[in-house]
Amino acid sequence: MPIARLNHAVLYVRDAERSADFYTEVLGFRRLTTMPGAVFLQAPGSPNDHDLGLFSIGETAGPSDAGHGTVGLYHLAWEVDTLDELDRIAHLLTERGALVGASDHGSTKALYARDADGIEFEVSWLVPAALLDQEAVAAKASIRPLDIAGEKERYGATTPGGIGVSVPPVWST
């Protein structure tokens with residue numbers, strides 16, 4: 001039987017409580033369980049037992065060097081349902097000084113940010129398969145700056161996004 005989806009991720013952080021505050025205040029996660037040195041969070045709308053486990057390892061922990069000098073996870077990516085929600089989160093991340101990038105990958109509109117420990121994550125909206133056109137599919141081969149206002153005009157601010165991956169229709173040539 002193939003793997004169907006990611007159930008949860010666990011991050012080692014300097015202070016689980018501080019990190020939990022970030023994920024609840026910015027991304028809307030809710031606290032499920034707290035124990036000494038650990039917090040378990042659930043994403044809004046998730047059916048999972050928990051989506052993120054945070055484990056404290058202390059303030060003296062060094063930054064992750066994954067991708068720069070060591071192997072390791074680059075980032076986690078969460079999906080939002082609408083471009084309005086992506087825009088709302090972009091403003092929150094900007095206010096926190098956490099937003100480090102915003103990219104248009106054609107069928108995926110993505111924000112990149114860093115949490116309280118500098119761990120990178122992505123928040124994205126996927127173009128629904130029924131709305132994909134040749135331009136959006138062709139744009140997957142490049143990365144452009146994200147214009148959320150322009151994408152809202154194009155796709156609608158409250159249009160539900162695709163889930164997991166947007167599969168383009170087959171065009172005849």
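1. Helices in this note are DSSP runs of H or I with at least four residues, strands are DSSP runs of E with at least two, and both are numbered from the N terminus. With that in mind, the residue G97, which follows α2, has a positive phi, near 70 degrees.

2. Some words on the basis of this note: the model is predicted, so that local features need pLDDT of at least 70 and side-chain atom pairs count only at pLDDT 80 or more, while totals for chains, interfaces and linings use all residues. Residues are numbered from 1 along each chain as its sequence is written, and side-chain values use heavy atoms, with hydrogens and water left out.

3. Helix α2 covers residues 83-95, which makes 13 residues, and from its first C-alpha to its last it reaches 18 Å, close to the 18 Å expected at 1.5 Å a residue; the expected span is 1.5 Å times one less than the number of residues. Its buried residues are L83, L86, D87, I89, A90 and L93, where buried means under 20% relative accessible area, exposed means over 50%, and partly exposed lies in between (1.4 Å probe, protein chains only). They lie on the same side of α2, because they cover an arc of only 165 degrees around the axis, the arc being that of the directions from the helix axis to the C-beta atoms. As a general point, an α-helix has 3.6 residues a turn, so residues three or four places apart point the same way.

4. What lies over that buried side? The cover of the buried residues of α2 includes α1 (16-27), β6 (99-104), β7 (108-114), β8 (120-126) and α4 (148-155), with contact meaning heavy atoms within 4.5 Å. The helix α2 lies across β6, β7 and β8 and runs at about 20 degrees to β7; axes are lines fitted to C-alpha atoms, for helices over the stretch in contact, and angles run from 0 to 180 degrees between N-to-C directions.

5. An open sheet of five strands has the order β5-β8-β7-β6-β9 with mixed pairing, and two strands are said to pair if DSSP finds at least two bridges between them. At its edges stand β5 (76-79) and β9 (144-145), each with a single partner strand, so one side of each is left without a neighbour in the sheet. The strands β5 and β8 pair in the parallel sense over four bridges, and L76 has F121 in β8 as its bridge partner.

6. Another open sheet is formed by four strands in the order β1-β4-β3-β2, again with mixed pairing. Its edge strands are β1 (9-13) and β2 (30-35), each pairing on one side only. The strand β2 pairs with β3 (residues 38-42) in the antiparallel sense over five bridges, and T34 stands opposite V39 in β3.

7. Two loop residues may be examined together. H105, in the loop between β6 and β7, counts as buried at 18% relative accessibility, and its side chain makes a polar contact with the side chain of Y112 (2.9 Å); such a contact is a pair of N or O atoms within 3.5 Å where, within protein, one must be able to donate a hydrogen and the other to accept it, and residues adjacent in sequence count only if both atoms are side-chain atoms. L131, in the loop between β8 and α3 (134-138), counts as partly exposed at 37% relative accessibility, and, leaving aside neighbours within four places in sequence, L131 is in contact with Y155 and T159.
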